[in-house]
Amino acid sequence: MSSLAKNIESLGAFCLTALEQTGRTFNMLLQVIWELLHPPYRFYPIVRQMYFIGARSLTLIIVSGITIGMVLGLQFYNILQRFGSVELLGAGVALGVIRELGPVMTALMVVGRAGSSITAELGIMRITEQVDALECMAISPDKFLIAPKVIAGLLSVPLLTMVFDFVALFGGYFVGVKMFGVAEGSYWNGMIDAVEWQDVRLGLEKSIVFGVLVTLICCSRGFYMHLTKAGSQGAEGVSSATTDAVVLSSIAVLFSDFLIGALA
Amino acid sequence: MNKINVQLITGLFVMLGIAAFTYQAVTIGGASIREVPGYTLTARFDSISGLRKGGIIEAAGVRVGTISSIKFDPDNYKAIVNLRINEGVPLQQDAIASVRTQGIIGEKYIKLSAGGFPDLLTDGMEIHETESAVSLEELVSKYIFDGGTKK
């Protein structure tokens, strides 16, 4: 009986913690918005974060974009060949990349490259009491640390997604047209006919949501590390907080991808 | 030096991203900031089953316009289609607009055929000669059941 009660108790504790952390994350979003509306407005920190989240991810995004485009070209070619409609290859690759794979893959890459380091950075700042030092000097940590990262995420992820999409279309072109000999005209024109402005807009909306979500989750995981169990574990705590942040933001990206797709 | 570098690279990154977006939105997505010069015509069809807004209008196989809107006319129980025809495509007043299919299972589009009338259609006028979408199922069932009654 007591072990049953204990199990139920741990389930309850798990739910409460999850709820608490979700609340903190979205509270952080409100604080970022609040800080944005109040002076002083500082532009340069955002540029520096965009350099870190966006510009430095560019190589990774271009390489993965080409690869994804080539894989899609290969798979779609195999499928379409069975139905004798290879001329739909361009449409298939473009719709798949622009609507779905571009935003999701980019967000996952950003989680892996930038998100993990955001959590680690903020977590270490927290456990070495640098955040407390900022507060002592009456510098709002939300304004100084969090807001530039979230804004940079909001701007960088859509831009990276667009680069990813663009590159992936050429990856598909390389495999479809150059390797398998699909007519070049039917590849590009099929693409132009099939993709509407709504598709591009959906991809853009998705990537904006992902950008905010990813940076927000990673920031809150690191910044509020002292409030979780990981906070008392020092270096080990930083590593577990980072792992949590990567897992959570990846799941958040995939789940919200479905939600946006279903609602749009 | 380091500071300038960061800003330069970030600026380049932003420009690259915006260029990629513009390419997708304008070239592939077909979003146009200004309207393509041309004129708008209307046409009434008994059935346009399968035709979509933004669909293609062809004359002699060449794309000459897009379908700007599709409405339902409750009085006559017909479909009203607004056709945006590009500039430099003259259409006679007895030109024929017909709903056709690309291939057997392809997308529906509107085919324009020239008429013989000397006067040309201008902005806002209606194409009176229309042919509706041909439904393969209807044709098949018609032949099957007509064949049955004759015997």
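Two residues are taken to be in contact if their C-beta atoms, placed from the backbone, lie within 7 Å. By this criterion, in the predicted model, the contact between chains A and B takes 22 residues from chain A and 19 residues from chain B. On the side of chain A that touches chain B, two or more residues are given by each of helices H2 (44-53), H4 (89-127), H6 (141-179), H7 (184-194) and H8 (197-223) of chain A. The largest share of this side, six residues, is supplied by H6(A). By class, the chain A side comprises 17 nonpolar residues, one polar residue and four charged residues.

Two of these helices, H4(A) and H7(A), also pack against each other, at an angle of about 50° and with their axes 6 Å apart. The two helices are therefore oblique to each other, and their crossing is right-handed. H4(A) contributes Leu89(A), Gly90(A), Ala91(A), Ala94(A) and Leu95(A) to the contact.

Helix H8(A) contains 27 residues and reaches 39 Å from its first C-alpha to its last, close to the 39 Å expected at 1.5 Å a residue. This helix is mostly covered, with 20 of its 27 residues buried. H8(A) is also crossed by helix H1 (residues 2-37) of chain A; the two axes come within 9 Å and cross at roughly 115°. That angle makes H1(A) roughly perpendicular to H8(A). The crossing of H1(A) and H8(A) is right-handed. Here Arg24(A), Thr25(A), Met28(A) and Leu29(A) in H1(A) meet Leu216(A), Ile217(A), Cys219(A) and Ser220(A) in H8(A). The residues of this contact divide into five nonpolar, two polar and one charged. In general, an α-helix has 3.6 residues a turn, so residues three or four places apart point the same way.

Ile139(A) counts as partly exposed because it has 13 C-beta neighbours inside 10 Å, whereas a buried residue would need 20 or more. When neighbours within four places in sequence are left aside, Ile139(A) is in contact with Leu134(A) and Phe144(A). Ile139(A) and Thr161(A) are separated by 22 residues in sequence and by 34 Å in space, C-alpha to C-alpha.

Technical notes: Residues numbered from 1 in each chain as written. Chains lettered and ligands numbered in written order. Predicted model: local features only at pLDDT ≥ 70, side-chain atom pairs only at ≥ 80, totals over all residues. Helix = DSSP H or I, 4+ residues; strand = E, 2+ residues; numbered from the N terminus. Nonpolar A, V, L, I, M, F, W, Y, C, P; charged D, E, K, R; others polar. Axes fitted to C-alpha atoms, helices over the stretch in contact; angles between N-to-C directions. Parallel < 35°, antiparallel > 145°, perpendicular 65-115°, else oblique. Left-handed = near helix turned anticlockwise from the far one by under 90°. Expected span 1.5 Å × (residues − 1). Buried ≥ 20, exposed ≤ 12 C-beta atoms within 10 Å, placed from the backbone.
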